[in-house]
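Visitor: Please take one part of this model and go through it closely. I am new to it.

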Amino acid sequence: MDGKIIHDGIHGSMKLTGIILDLVKTPEFQRLRNIRQLGLAYLVYPGANHSRFEHSLGAWHLAKRLSQEVGLDENESMLLQVGALLHDIGHGPFSHTFESIYKHYVKEHDHMHLGQDMVLGKVNITESENGGRIPEIIETYGYDFTPKDVANLIRGKHETHYLGHMLHGDVDVDQLDYLVRDAHYTGVAHGIIDLERLLKVLRIHDGELVVDEKGIEAVEGMMVARSLMYSRVYFHHTVKIAEGMLTRALEFALEEGYLWDFWRMTDCRVLVELEDLEGFPAEMVRRIKYRELYKAAVLASADELTSEEKRELLAAYRNVKRRQEIERTLADMVGAKEGEVILEFSIADLMLSEPRLKATEINVLLSNGELQPLTKVTPLANALKRRQTPRWAVLIAAPREYVPKVREVWRKVLFS
């Protein structure tokens with residue numbers, strides 16, 4: 001069968017044929033070349049310029065390998081492969097950076113809903129005439145699954161449990177690829193996992209994806225890697241400050257009635273559009289471009305906050321207007337301009353971008369044939385589930401000259 005060979009920096013040579021090759025050729029999939037996998041993390045880790053395109057190919061490659069390891073039939077294998085390939089198809093600019101904006105401004109266009117709609121042919125996110133052909137391609141190949149099955153698998157709603165867990169579980173092809181890939185491109189050794197071993201110790205037992213008892217250490221290693229990558233990379237405070245600045249620029253534009261179709265754009269396009277608005281959005285883009293970022297005035301851990309304070313913060317997190325009000329008050333009190341003081345939260349944010357941390361856990365198949373939840377079998381997994389990732393819960397940032405004043409007044413403004 002003719003195909004194309006793609007050389008990947010992580011998995012080596014991958015051969016694409018048939019339905020996979022046709023889906024990769026679509027404008028929707030090609031668009032992912034222009035969406036950075038780690039948002040603005042390149043401002044801290046200069047190598048982190050990899051895209052959702054290569055991650056999606058990597059997830060597909062691992063889905064193909066896992067299908068062979070656990071012995072899926074051809075239909076299920078292809079369903080998993082197509083699901084893994086398209087699982088990030090709906091990502092907007094800078095990946096997870098604008099997560100809170102989807103939640104509050106354009107609910108139906110977060111990347112999960114959008115991905116589902118694109119697979120069902122309800123949305124053409126590109127300006128290409130060849131867009132919107134994904135369902136047609138899926139149907140043309142005549143496998144025993146429909147675009148709806150693929151969409152359900154991407155949303156984690158497929159009725160076959162083990163397929164769902166292979167894409168959205170404690171150990172799944174999505175995070176196996178992103179942990180290895182993100183560690184490689186950031187140069188952070190924490191994300192290194194025993195990929196070969198992990199693929200070999202997963203199996204299907206009574207309709208569920210389980211891990212063999214002899215593979216527990218490999219899973220523990222993966223959970224440690226994930227936890228450390230969250231503190232060290234995904235929630236690095238400087239990355240969160242840059243993302244907060246860009247988010248405020250987009251919020252400003254939306255409040256003024258501009259850029260309501262930002263979710264269709266690529267990274268570069270959003271920056272250009274924000275820059276064209278001049279004023280505050282252009283100032284934020286300029287600062288990001290030349291890495292003139294705000295400085296952290298407050299980095300408070302969850303332990304430093306009373307339960308009452310945590311409740312206050314959660315209320316502010318859930319209500320954008322309330323958060324904006326706090327930011328304005330803080331800016332007023334320290335003599336800064338609107339938009340020059342930003343408030344970020346990690347814990348609630350983490351639950352939004354990483355639902356796995358509270359997902360149903362994988363079972364371990366013991367040598368006596370018994371099944372036990374992972375956290376019952378290994379105290380390390382239990383501790384990692386409970387670990388507050390990352391170390392800070394509240395971050396307040398501002399231009400350097402306002403930092404001392406913000407430190408003096410933040411508690412009074414937030415908790416009075």
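Guide: K4 stands opposite L16 in β2. Strands here are DSSP runs (E, at least two residues) and helices are runs of H or I of at least four residues, both numbered from the N terminus. This is a predicted model, in which local features need pLDDT of at least 70, side-chain atom pairs count only at pLDDT 80 or more, and totals for chains, interfaces and linings use all residues. Residues are numbered from 1 along each chain as its sequence is written, and side-chain values use heavy atoms, with hydrogens and water left out.

Strand β1 (residues 4-8) and strand β2 (residues 12-16) run antiparallel and are joined by five bridges; two strands pair if DSSP finds at least two bridges between them.

Next comes the nonpolar core. The term means a set of buried Ala, Val, Leu, Ile, Met, Phe, Trp, Tyr and Cys residues joined through side-chain atoms within 4.5 Å, where buried is under 20% relative accessible area, exposed is over 50% and partly exposed is in between (1.4 Å probe, protein chains only). The largest such core has 116 residues, and L86 and F262 have the most contacts inside it. Helix α12 (residues 216-234) gives the largest share of this core, ten residues. The core lies between domain 1 (4-235) and domain 2 (294-370 + 390-415), because both give residues to it; the domain bounds come from an automatic or database domain assignment.

F262 touches, among others, P93, F98, Y102 and L254, not counting residues up to four places away in sequence; contact means heavy atoms within 4.5 Å.
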